[in-house]
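Please look over this protein model with helix packing, salt bridges and backbone geometry in mind. The report below takes these topics in turn.

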Amino acid sequence: MSNRSDSNSDNAGDITLADPAGFVHPEYRPWIELIKLSATAPHPSLENIAERRSTPSPLMRAPLDAPAYTTQAIPGANGMPDVVLYIVNAGDKGAPRPAILHTHGGGFVFGTAQSFLANLQEIAAALDCVIVSVDYRLAPETPFPGSLEDNYAGLKWLYAHADELGADPKRIVVMGESAGGGHAAMLAIAARDRGEVPVIYQALVYPMLDDRTGTTQMPPPHIGAFIWRRGDNAFGWTSLLGVPAGSENVPHGAVPARVENLHGLPPAFIGVGSLDLFLEEDIEYARRLTAAGVPIELHVYPGCPHGFDFLQTNVAMQFKAALLNALRSAFEHAGK
């Protein structure tokens, strides 16, 4: 029933003889044809990446009128190029407010900080917090550690300029979705190891944590059949790492799932759909964090593919409420 279709071997098992659409949550059935189209779309490549980047996603929204946002260019790390930050809901409004350092999604090769602003504005308004989102450099033009250093420069800038932003330097969270979740996990590890900026929490939304998924480690065929697939994942990780995804040796600190020591990391939230390619690696990372003594809140949403929260469904609303509750709790209990 779950054998892979030989006729689709060029897509590394992305389509199966048992139609994976049958696993999709009923609330996503109105979009089933669009979801199924994603299973046969060409994988990103060096030949089509420029065109893909120039084609806006229909799921991305324009920035909202409020809370206000500004942009700020800051010096990059160690002589690297300047880094552009998008700053949401800053300003002196009495007592310092908690802050989030956000890293956007896009498989390490796509996306901009600006394209996620509407979501961040909603979170900033709901929690009355400051959010700084980093427009980090993309792979393959900038392989690791370029993006990590961009994100770390943004984190250090937020910490150093907390007073003028109306932010509390003792209540900083790192957060991201998909590749941005991977970047947030990398950033939490780097912040722990460098000891310069205290991070109280990491909010990882279906994070991209393991380059071996879809290369040397294969999930069941119906997992990762849509939206972000095995071939997509291999291209994204290979672009970031500068070596083929799943290689025996990868740059130190680039792959959160390969970091042996997870002790001393901040508490974490992980939310992922059961059809997401990242399901198994996210559950395994949650297990390893727990084993290392790191408090973890894990949510798995049945029948949901990658990026399920961008569609207006009840399950997406449940996920967003869980994320807000986790962030609110982290802010309230910081230092206690």
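A crossing is left-handed if the near helix is turned anticlockwise from the far one by less than a right angle, and right-handed if clockwise. Helices (H or I, at least four residues) and strands (E, at least two) are DSSP runs, numbered from the N terminus.

**Basis of the model**

This is a predicted model, in which local features need pLDDT of at least 70 and side-chain atom pairs count only at pLDDT 80 or more, while totals for chains, interfaces and linings use all residues. Residues are numbered from 1 along each chain as its sequence is written, and side-chain values use heavy atoms, with hydrogens and water left out.

The pLDDT is the predictor's confidence in each residue, from 0 to 100. The protein chain averages 91, and 94% of the residues score at least 70. Residues 1–17 have a pLDDT below 50. Beyond near neighbours in sequence, that stretch has 33 contacts in the model. Contact means heavy atoms within 4.5 Å.

**Helix packing**

Two packed helices are described by the angle between their axes and the distance between the axes. Axes are lines fitted to C-alpha atoms, for helices over the stretch in contact, and angles run from 0 to 180 degrees between N-to-C directions.

| Helix pair | Angle | Axis distance |
|---|---|---|
| Helix 4 (residues 146–160) and helix 6 (residues 179–194) | about 65° | 10 Å |
| Helix 3 and helix 9 (residues 314–333) | about 50° | 11 Å |

Angles under 35 degrees count as roughly parallel, over 145 as roughly antiparallel, 65 to 115 as roughly perpendicular and the rest as oblique. Helix 4 and helix 6 are therefore roughly perpendicular to each other. Helix 4 passes helix 6 in a right-handed crossing. On helix 4, the contact uses S147, L148, E149, N151, Y152 and L155. On helix 6, H183, M186, L187, A190, A191 and R194 take part. The residues of this contact divide into seven nonpolar, three polar and two charged. Here Ala, Val, Leu, Ile, Met, Phe, Trp, Tyr, Cys and Pro count as nonpolar, Asp, Glu, Lys and Arg as charged, and the others, Gly among them, as polar.

Helix 3 packs against helix 9 at about 50°, which makes helix 3 oblique to helix 9. Their crossing is right-handed. I123, A126 and L127 in helix 3 meet L324, L327, R328 and F331 in helix 9. Six of the residues in this contact are nonpolar, none is polar and one is charged.

**Salt bridges**

A salt bridge is a side-chain nitrogen of Lys or Arg within 4 Å of a carboxyl oxygen of Asp or Glu. The count comes to 12 salt bridges. D128 forms one with R97, the closest N and O atoms being 3.5 Å apart. The pair links distant parts of the chain, 31 residues apart. D128 is in the loop between helix 3 (117–127) and strand 4 (130–135), and R97 is in strand 3 (residues 97–103).

**Backbone geometry**

The peptide bond from A139 to P140 is cis, with omega near 5°. P140 sits in the loop between strand 4 and helix 4. F144 and P145 are also joined by a cis peptide bond, with omega about 10°. P145 lies in the loop between strand 4 and helix 4. N89 has a phi near 70°, a positive value in a residue other than glycine. N89 is found in the loop between strand 2 (83–88) and strand 3.
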